[in-house]
Amino acid sequence: MKPSKSIRLIALGSTLALGALAGVGPAHADVPTAISALQAGFAKGIADGYPAAIGMVRSGDTTQYLADGVSDVTAKTPADPDAQFRIGSNTKAFTATVLLQLEAEGKLSLDDTVAKWLPNAVNANGYDGTKITIRELLNHTSSLPDYDTSPTFYNSYASNSEPNRVWAPQTLVDLALAQHQPTSAPGQTFGYANTNFVLAGMVIQAVTGNTAATEIQNRIITPLGLTHTTFPISDPTLQGDYLHGYEYQWLGLELSDVTVSNVQAFGSAGAMVSTLDDLATFDRALMTGQLLPPAQEAELKTTVPVNATTRYGLGISEYQTPCGQWVWTHNGSVLGYTSTWEISDDGSKEVLVANNEYHLQAPTQGQTDMSAALDNAFCAL
């Protein structure tokens with residue numbers, strides 16, 4: 001269910017226009033402070049090269065939206081906080097949720113080995129699927145390499161020269177395994193890899209007979225009424241109201257439109273498309289137990305260390321903001337798009353941001369601007 005109160009703020013150059021929807025009451029006193037922090041970060045992000053930035057701040061049932069820049073640099077279309085965008089690795093939380101639901105239904109255990117469901121999918125160059133569990137896929141302690149650093153994959157995807165190329169999930173896994181032998185045993189060390197969630201999607205299909213996209217649609221998108229959220233299987237285009245995606249090329253001197261890009265490249269690790277409202281609705285439902293029974297909710301939020309301020313659960317991260325507050329979070333970055341959310345453990349407070357430039361290098365100055373703005377906004381709530 002969406003918040004019952006909302007206020008929209010659209011930044012037009014240096015002018016901020018405030019428009020309240022009919023019947024909307026005043027915002028919580030802390031929300032305007034948070035939106036101001038977000039606005040300051042957006043201005044920096046636009047100055048540092050982002051074509052557009054959109055975001056929202058929610059406290060209880062009060063929500064404010066912010067947009068700055070243009071969603072289409074050719075048409076000069078103002079950015080719209082209702083626009084769709086590619087959510088990248090925020091897809092991982094959806095994939096993890098389905099596997100946790102399947103466990104709750106007794107159809108699998110997170111402690112099952114990968115080989116139980118995918119015999120020989122991981123069986124090369126020293127990697128052994130009989131020693132890696134589904135849980136270790138979801139918390140990135142599997143020891144598997146990330147296929148996106150393979151030159152075969154990276155050169156195709158980064159250049160956006162083959163948006164219709166077929167990347168079968170097993171092909172992506174094979175590219176990962178071929179890169180190098182294990183550097184640690186499964187379960188010992190955190191190592192973020194899209195390979196883990198491509199395999200997670202393969203497990204979903206092995207258990208249910210349906211693709212991860214179908215299960216996510218039936219179990220999450222439809223029940224929550226996420227009418228602007230999709231999981232494209234092969235179509236690289238976007239339809240309706242959407243942010244165009246861009247990347248800087250030629251040493252940052254040329255901005256190229258990469259809205260049409262390969263969705264099979266990341267699949268259950270990062271192919272989904274959504275909006276601020278839909279993503280916020282999912283996050284809130286996930287945090288408050290609407291999607292998972294208590295036992296699986298506890299597993300979702302059981303973490304492994306990443307660094308001094310970050311721990312990783314199952315498809316979500318726990319992060320300590322600069323003001324000392326702990327939040328649940330994740331980000332997603334695919335060609336042309338970045339997005340990040342932070343939410344309180346009880347789901348009562350949340351901040352989301354999305355931008356429409358990403359050229360596979362992090363952290364860019366724009367990303368640094370947005371990360372700081374996100375933290376500042378959440379700390380203001």
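In which loop is Y147 found? Select Y147: it is found in the loop between α4 (134-138) and α5 (151-159). Helices here are DSSP runs of H or I with at least four residues, strands are runs of E with at least two, and both are numbered from the N terminus.

This is a predicted model, in which local features need pLDDT of at least 70 and side-chain atom pairs count only at pLDDT 80 or more, while totals for chains, interfaces and linings use all residues. Residues are numbered from 1 along each chain as its sequence is written, and side-chain values use heavy atoms, without hydrogens and water.

Y147 is buried, with a relative accessible area of 0% (buried means under 20%, with a 1.4 Å probe and protein chains only). Next, show its contacts (heavy atoms within 4.5 Å): beyond neighbours within four places in sequence, they include F153, L172, N194, V198 and F266. The Y147 side chain also reaches the backbone oxygen of A265 at 2.7 Å.

Now select N331, G332, S333, A362 and Q367, which lie nearest the centre of the largest pocket, lined by 42 residues. A pocket is an open set of points on a 1 Å grid over the protein atoms alone, where a 1.4 Å probe fits, with protein on both sides within 12 Å along at least five of seven lines; lining residues have an atom within 4 Å of a point.

Last, select P169, F231, I233, G267 and S268, the closest to the centre of the second largest pocket among its 20 lining residues. Helix α7 gives the largest share of that lining, four residues.

Note on methods
Buried < 20%, exposed > 50% of the residue type's maximum accessible area, 1.4 Å probe, protein only. Polar contact = N/O pair within 3.5 Å; in protein donor to acceptor, adjacent residues only side chain to side chain.
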